[in-house]
Amino acid sequence: MTDPDEVRDPASPPPPKEDPLTSADFGPRGLKLVRSQTGGGARVPAPAPSSDDDPLTSDDFGPGGLRSAWPAPPGAAEAETESEPASESEADAEEGAEPVVLVPRPSPADDFASRALRAPVSAEGTDPFTSDGAPGARPTWGRYGRDTDDDPLTSAEYRVPRASELAALLETKAEDAAGPRFEAPEPAGAGRERPADTRDDQPVQPGEPEPDTDERPASTRDDLEVAETEEPSSDDEKAAVEEPAVEEEPAEAAEDEPADDAEKDVAEEDAAEDNTPEPEDEPAKEAIPGELGGRITALESLVELGEGRLDEDLLEEARALLDRAGARMRLSGDHTVVTLAGGTGSGKSSLFNAVCGLELSPTGMRRPMTSLPHACVWGMDGAAPLLDWLNIDKRFRYARASALDRSGTRAEGSLRGLVLIDLPDHDSIQAAHRAEVDRFTGVADLLIWVVDPQKYADASLHHDYIIPFARHAAVTLIVLNQVDRLGPAEVKDCVTDLRRLLEAEGLTDPRIITTSAVARGGVDELREILAQTVAAQSARASRLAADIDALIERFERHAGPTDAADPAAEVDGPHAEALLDALTVAAGVPAVAEAMQSAFELRAADYVGWPPARWAARFRRDPLRTMRLSELREELRGSFTGPLGAQQGGVDSALHGVTDGVTEDLPGPWRRSVRAAARTHAAQLPDALGVALRETVPSFNQVPRWWWLVKFWQRLLLAGTALGFGWIVLLVVYGAFEVAEAPSALIGDLAILPWVVILTVCMVGMGALTAAACRNVVALSAARHGERVEARMRQSLESVADELVLRPVAAELKAYADYRKTVDIAVA
Amino acid sequence: MTSPADQSARRDGLISASAEGPVPLGRVLVDLRDQIDALRFTLDVPGADAAAVAAREIRDQLDDYVLPRVRAAATPLLAVLGGSTGAGKSTLVNSLVGARVSGTGVLRPTTSSPILVCHPENFDWFMGTDERPPGVLPTMGRVEGPAPDAVVGDQLVVIRTEAVPRGLAVLDSPDFDSLFEDHYGFATKLMAAADLWICVTTAARYADAQVWKMLERAREQGATLGVVLSRVQPGGGEEIAEHFAEMLDERDFGVAPRFTIPETTITDSRLPEDDIATIRAWLMELVDDLEARDEVIAETLGGVLDSFRVRIPQLAKQIEEQVDRRDLLAREVEAAYSTALAELDEATRNGALLQGEVLARWQDFAGTGDLLRALHLRRGKDAPKGSRRRHTAPRVRALKGALRSGLEALILAGAEQGAEQAVTRWQADPAGVHVLGDMAEQLGHVSPELSRRITRAVSAWQDHVLELVRTEGVIKRSIAKLVSFDEEALSVVLMVGIFGYGTSDVVVEGGTSAVPQRLLKSLFGPESLRGMSAKAKADLRSRITMLFDEESLRFHAALDQADIPDESLAVALYQATYNLEVAR
């Protein structure tokens with residue numbers, strides 16, 4: 001392809017054929033090899049002023065052993081020959097000579113070879129770990145293939161700095177602690193189709209030199225800074241983007257996502273608000289899409305309802321999950337956290353390096369090797385808080401930018417948004433590693449279990465990780481590594497056996513792929529799956545959904561059978577009646593009524609009784625007087641104190657069976673809590689009953705009015721009798737004994753004596769009769785009175801029972817009904 | 001698998017066959033084995049599960065290894081190859097033997113049934129004949145090999161070949177860290193029966209936690225060790241070997257001989273001869289030198305018996321813990337019921353009974369003057385009028401009945417509470433949960449016939465109070481001449497007085513309190529009254545205590561049923577250990 005805009009140096013020979021596929025001018029990276037033309041002036045800027053070509057000491061070389069600075073486009077390079085070096089050194093100067101780009105610059109092929117570090121293959125094959133850092137002392141470094149190609153990135157003979165050196169290099173250049181360490185264009189991956197890569201990787205877009213210069217090291221830093229300040233708004237955008245990414249709206253997601261992505265990429269600095277409004281206003285939930293948010297809310301209410309009723313461990317786990325889910329949803333939704341976990345020696349770090357394309361995580365023969373997690377992020381915007389939350393040491397954070405993303409649209413196969421974490425092993429003798437693994441597998445969005453043919457049936461892997469995560473089959477990937485050690489038939493057998501084991505453990509339809517970190521093309525399938533997962537952006541939600549599923553199942557156990565009828569809303573009629581009866585008996589209501597009756601009758605005797613009988617009683621010989629306890633009588637009479645509450649024992653046995661009717665079908669914890677609810681006020685019941693009764697019992701001193709009449713009548717009769725006796729005496733005195741002259745005939749006439757006697761006797765009789773008659777009447781009315789009092793007392797007891805016993809039970813049953821409903825919501 | 005009857009028959013036969021070695025040692029070991037067999041760790045005390053496993057292992061080791069060894073000397077050396085899955089044990093065995101006797105493959109785990117390779121002359125010793133059982137692992141079934149690809153389950157495959165020298169047998173055991181639990185069981189069992197245990201691990205696995213656990217275990221059990229590091233990559237070999245050696249030294253395994261096998265191609269399931277030359281040499285050395293072999297055997301046996309010195313007292317300690325826990329549970333039941341009893345005491349003393357119906361009846365009884373009608377004036381020697389007594393009876397009876405039902409309800413509630421408390425305390429303890437089993441509901445409530453028993457007890461008590469009043473109610477002489485009283489009514493008054501009428505907790509309006517006390521004091525005199533009250537209270541308390549004791553019997557019955565070991569077992573174990581020391 002000829003670049004139409006190419007500005008040619010007239011003196012230069014016409015540029016050679018530019019087809020990267022066939023031209024020898026292009027190297028494996030699709031980057032133009034800048035050659036010094038034998039025929040003429042330099043087409044390219046002279047090599048950097050520094051004559052030092054040792055990558056270790058020269059500032060021009062980055063950590064990859066590759067020269068820093070982007071290559072100039074072949075055409076524009078001529079025009080900008082002057083500016084290039086200047087800007088290059090500018091770039092270097094600006095960053096303190098931080099090498100950021102890993103593009104080879106040197107010229108002819110053999111020169112190229114000499115520029116990069118080709119290690120002399122030493123004769124004895126010194127062990128890289130025991131030799132002390134002599135450059136190139138890794139002749140058998142086999143991570144990227146053992147062939148002798150010249151590509152510095154893939155050939156084994158080129159030295160890549162060791163991790164310790166890397167750390168040292170980076171340490172001295174530390175700037176922004178939260179920022180990425182270095183950024184590099186993504187190499188196309190070992191073994192991928194070169195032509196496709198070269199096409200994509202071509203830095204030169206015809207007619208678009210701008211994006212190229214935009215992506216220079218200097219400006220990438222700016223990009224990042226800008227991106228970071230844009231984070232809050234882009235979070236909103238991401239929240240808005242999350243909504244369509246919900247699982248049940250795939251169509252919408254499919255069409256929204258590319259558009260949104262593109263907008264996001266391009267409008268990053270614009271902060272232009274999208275068309276989709278924010279889903280919710282609460283900052284805590286702003287990123288949670290519809291269905292998952294509903295389930296999380298349901299789980300929260302389940303935890304609330306279960307407080308004090310369910311097992312505390314379960315509630316603790318649920319709370320932890322809610323915290324985690326909230327935190328994760330709030331953090332970047334663009335990024336997918338993928339963890340590489342496995343036993344010691346299974347090749348996680350090698351895979352990690354292969355996917356990243358660089359030697360980031362140290363690998364070696366010693367066991368165990370990795371002790372702290374390493375993370376690599378593709379697309380750094382917004383990932384810093386996520387990495388902080390994951391607690392990844394800042395020394396071990398790496399960033400990559402996909403070359404495929406330069407144009408702004410998300411290309412197929414891009415890993416943008418991937419956070420790949422290399423974990424320590426879980427079965428070595430260092431127990432701390434295990435703790436790290438546990439921590440990360442708890443939060444990862446996609447779990448990758450790396451197994452190798454030697455260890456794929458290890459108990460510790462299956463027992464501690466595969467089985468507990470059996471539900472998470474959708475977010476699990478099993479990678480059988482080191483398949484280069486087996487023949488193809490053996491590989492097939494292994495995979496079948498592994499699949500059988502996994503399915504036996506409950507992992508439905510497990511995804512198993514085979515990789516080899518060493519062979520060419522061994523990690524292609526892995527990369528593809530990673531790219532798909534990252535593009536779908538649904539792993540996070542799936543993972544959380546699987547976690548919620550596991551927890552909800554445990555809550556469901558306490559919800560009772562699903563096909564059971566709705567539980568009763570309150571204690572049923574017969575039991576409530578029985579409760580009331582028992583409480584009535586416990587409060588002694590019948591006895592109180594009887595006592596009231598007796599008191600009534602006794603009172604009545606004071607009013608309607610026959611006075612002479614009462615006087616006679618008083619003169620009877622009183623044992624109390626002989627005992628000198630006469631004041632007792634009055635005390636006893638006055639000891640009607642009214643009802644004083646119920647006995648605790650009676651109350652307890654009354655409460656004993658009140659919930660039997662409703663608790664039959666309830667699951668264990670709820671049965672206990674309903675029973676306990678019936679007893680919440682058991683200690684206050686006796687007093688409350690007493691208070692209620694005292695209010696209903698009428699004042700004791702009420703005296704019906706007709707008693708006064710009768711009393712008056714009795715007095716009258718008494719007076720009449722007294723008069724009669726007086727008259728008789730007078731008659732006797734005046735008539736019989738003729739003491740003196742009778743003042744009147746009435747008094748003196750003896751003839752009327754019998755009449756007077758009869759009159760007196762009649763009055764006495766009437767008094768007695770009245771007393772008797774009134775006593776009967778009083779008895780009747782006392783009985784009626786007693787019944788009325790009893791009914792009223794029962795009524796007031798009913799209200800007390802309702803408030804102190806039935807209502808708590810009803811509240812508890814309602815809580816249970818809510819619980820069932822919420823479980824249904826959470827499960828669905 | 002041989003039946004237990006056959007096993008015991010064989011064992012008895014052996015004892016009577018007068019084994020070599022000190023006779024007491026064999027007998028002591030057999031006794032020990034029987035004792036350990038009878039151990040049960042039922043309660044869920046921390047450490048009980050581990051102790052049960054340990055007991056089983058010791059018993060198996062006694063059966064499989066110690067007893068046969070003690071009875072017969074000059075036996076072939078058994079070298080057991082143990083290791084992780086995929087370490088190359090079967091390959092190593094095949095290489096040592098020179099033929100494919102053990103299946104190897106890519107699928108993991110590979111070896112399922114252990115394969116024992118021995119010389120034909122030793123074949124009888126390992127296979128067992130009709131006259132004598134196999135010399136090692138007598139309880140495991142055997143099958144004659146060769147069957148490299150057949151998986152025969154949990155039986156030992158015995159293969160005879162000339163390639164193995166006389167006096168040595170090599171056993172390829174299943175791995176100890178795959179996900180099949182029985183492989184781990186086999187691996188430990190075979191390790192316990194080995195004279196020489198060779199741990200095979202690989203360059204990728206040498207830092208696995210499980211490998212080191214097994215090495216520790218082997219050392220604890222006293223086996224002689226050898227360590228093989230296989231599948232070492234050619235390049236980094238020395239470094240790994242050194243690292244491994246360092247780790248071994250750190251953890252005190254310095255004495256064990258170490259070997260390294262590089263990763264090479266495997267032809268016909270065998271390794272190249274050069275690679276295993278050192279191992280073969282070592283094994284041959286052991287076999288040829290009789291002294292060395294005997295030394296190895298004696299060392300391992302001595303190591304195992306030494307380990308018993310530690311392991312068996314641990315078991316005994318666990319037994320003691322079980323006993324302690326049982327006592328604790330019993331004490332908790334007692335505590336629960338005594339709390340209930342104390343509360344009941346308080347309630348009967350402070351007038352809590354005098355509420356509701358009882359109080360109403362009392363007021364009825366007292367306020368209407370029936371109380372006073374209970375006192376009659378003695379006219380000379382006249383008996384009190386019968387009509388009077390009959391007239392007062394209903395109210396007295398009603399009050400008595402109210403007292404009785406109130407007291408019954410109180411005692412029932414107390415018993416209910418005691419049972420609930422006891423169950424709650426037991427449920428807080430995992431051992432208690434186990435003992436409760438599914439009886440929690442049943443034990444948490446009072447026993448069904450308790451209410452009947454309470455009724456009987458309370459009415460008996462009321463009769464007792466009546467008796468008291470009748471017999472000990474000595475009225476002051478001055479008053480006795482003048483006043484007689486209705487005993488029943490007065491006994492009721494006494495009861496009301498005992499229950500705390502007039503104490504500060506009972507508020508009585510419109511009058512001072514302690515009416516019953518004053519009445520009775522004037523009738524009986526303070527001394528007599530005190531005596532009667534005390535006796536009545538004591539009698540009530542003892543009846544309630546008896547009721548509660550009967551209730552708590554249910555819990556003790558549950559404890560007995562749980563089959564918790566006795567202290568005597570622990571003592572017997574200590575004794576056995578001592579005997580073992582003496583016999584050696």
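## A residue between two chains

Leaving aside neighbours within four places in sequence, A:Ser598 is in contact with B:Asp364, B:Gly367 and B:Thr368; two residues are in contact if their C-beta atoms, placed from the backbone, lie within 7 Å. A:Ser598 belongs to helix 20 (residues 589–608) of chain A. Helices (H or I, at least four residues) and strands (E, at least two) are DSSP runs, numbered from the N terminus. A:Ser598 is buried, because 22 other C-beta atoms lie within 10 Å. A residue is buried if 20 or more other C-beta atoms lie within 10 Å of its own, exposed if 12 or fewer, and partly exposed in between. A separation of 9.0 Å is found between the C-alpha atoms of A:Ser598 and A:Ala779, which are 181 residues apart along the chain.

The model is predicted: local features need pLDDT of at least 70, side-chain atom pairs count only at pLDDT 80 or more, and totals for chains, interfaces and linings use all residues. Residues are numbered from 1 along each chain as its sequence is written, while chains are lettered from A and ligands numbered from 1 in the order in which they are written.

## The sheet of chain B

Chain B contains 21 helices and 10 strands, and 46% of its 584 residues count as buried. An open sheet of 8 strands in chain B has the order 3-4-2-5-1-6-7-8, with mixed pairing. Two strands pair if DSSP finds at least two bridges between them. Strand 3 (142–144) and strand 8 (258–262) of chain B stand at the edges with a single partner strand each, so one side of each has no neighbour in the sheet.

Strand 1 (residues 77–83) and strand 6 (residues 196–202) of chain B run parallel and are joined by 5 bridges. Within this part of the sheet, B:Val80 has B:Trp197 in strand 6 of chain B as its bridge partner. Helix 8 (residues 237–250) of chain B packs on the sheet, where it touches strand 7 (224–232) and strand 8 of chain B. The direction of helix 8 makes about 155 degrees with that of strand 7 of chain B; angles run from 0 to 180 degrees between N-to-C directions, and axes are lines fitted to C-alpha atoms, for helices over the stretch in contact.

## Nonpolar cores

A nonpolar core is a set of buried Ala, Val, Leu, Ile, Met, Phe, Trp, Tyr and Cys residues joined through C-beta atoms within 7 Å. The largest has 232 residues, and A:Leu583, B:Ala79, B:Leu116, B:Val117 and B:Ala169 have the most contacts inside it. Helix 29 (residues 753–827) of chain A gives the most to this core, with 17 residues. Another core, of 68 residues, lies apart from it and includes A:Val337 and A:Leu390.

## Two helices of chain A

Helix 26 (residues 685–696) and helix 29 of chain A pack at an angle of about 145 degrees, with their axes 9 Å apart. Among the residues that meet are A:Leu685 and A:Ala688 in helix 26 of chain A, and A:Arg792 and A:Met793 in helix 29 of chain A.

## The sheet of chain A

Chain A has an open sheet of 7 strands in the order 3-2-4-1-5-6-7, with mixed pairing. Strand 3 (397–400) and strand 7 (512–514) of chain A are the edge strands, each pairing on one side only.
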